[in-house]
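Please look at the structure before reading on.

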Amino acid sequence: DGAEEEIQVKLGGNFKVTVKTDDDWLKPEYADGNIKLITEPNYGSAARTGKVIVTALVEGQEVSGELVVYEQSYITLTPNYLSVNKEGDVLGVYIETTLTDLEIEAVNNWIGVALSEDRRRMTVSISENNANQSRQGKAVIKGKKGDITISVAVIVYQSEGEEATGGLQI
């Protein structure tokens, strides 16, 4: 959610400590026995996991440990892509969010969308592809966190003659 979290590190002595990560959305800082983790907001359509490596120099030897950080996205879609054959299909996408004022929109005219009454599932209708070539489109879900509008998309792939994958049959 783009927050700060402090973790107390107990080492039992005065050791040189370093913290690092390869994840650009995760910023660890170390001072006075505390690790502060600062995360950037996750505007993607899925949760993400990052790692922080804590290393202490103990009697000339490096001792390392790993912290795993899990950050939920504002809107999680399962699945976040759909792939259908040329005949089209009607598929479901589960929505997990704490955002308010959800809105959905089909960006392409060959895609239709509907939101369930409990606002936890979106139905995506893909019409037949008569163009004899593959196409890509999307359906967008938007929600509010205070004054900020956050949106994520379900990507829809439609190819000639391929079996449907992804999505939940409804």
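Lys142 is partly exposed, with a relative accessible area of 30%; here buried means under 20% relative accessible area, exposed over 50%, and partly exposed in between (1.4 Å probe, protein chains only). This is a predicted model, in which local features need pLDDT of at least 70 and side-chain atom pairs count only at pLDDT 80 or more, while totals for chains, interfaces and linings use all residues. Residues are numbered from 1 along each chain as its sequence is written, and side-chain values use heavy atoms, with hydrogens and water left out.

Lys142 pairs with Glu105 in a salt bridge, a term that stands for a side-chain nitrogen of Lys or Arg within 4 Å of a carboxyl oxygen of Asp or Glu. Because Lys142 belongs to strand S13 (residues 135–145) and Glu105 to strand S10 (residues 100–106), this pair ties together parts that are 37 residues apart in sequence; strands (E, at least two residues) are DSSP runs, numbered from the N terminus. Glu105 is partly exposed, at 39% relative accessible area.

Across the whole structure, the search finds 3 salt bridges, listed here.

| Salt bridge | Closest N to O distance |
|---|---|
| Lys142 and Glu105 | 3.8 Å |
| Glu40 and Lys27 | 3.5 Å |

Glu71 is buried, with a relative accessible area of 4%, whereas Glu40 is partly exposed at 39% and Lys27 is partly exposed at 36%.

Conventions
Helices (H or I, at least four residues) and strands (E, at least two) are DSSP runs, numbered from the N terminus.
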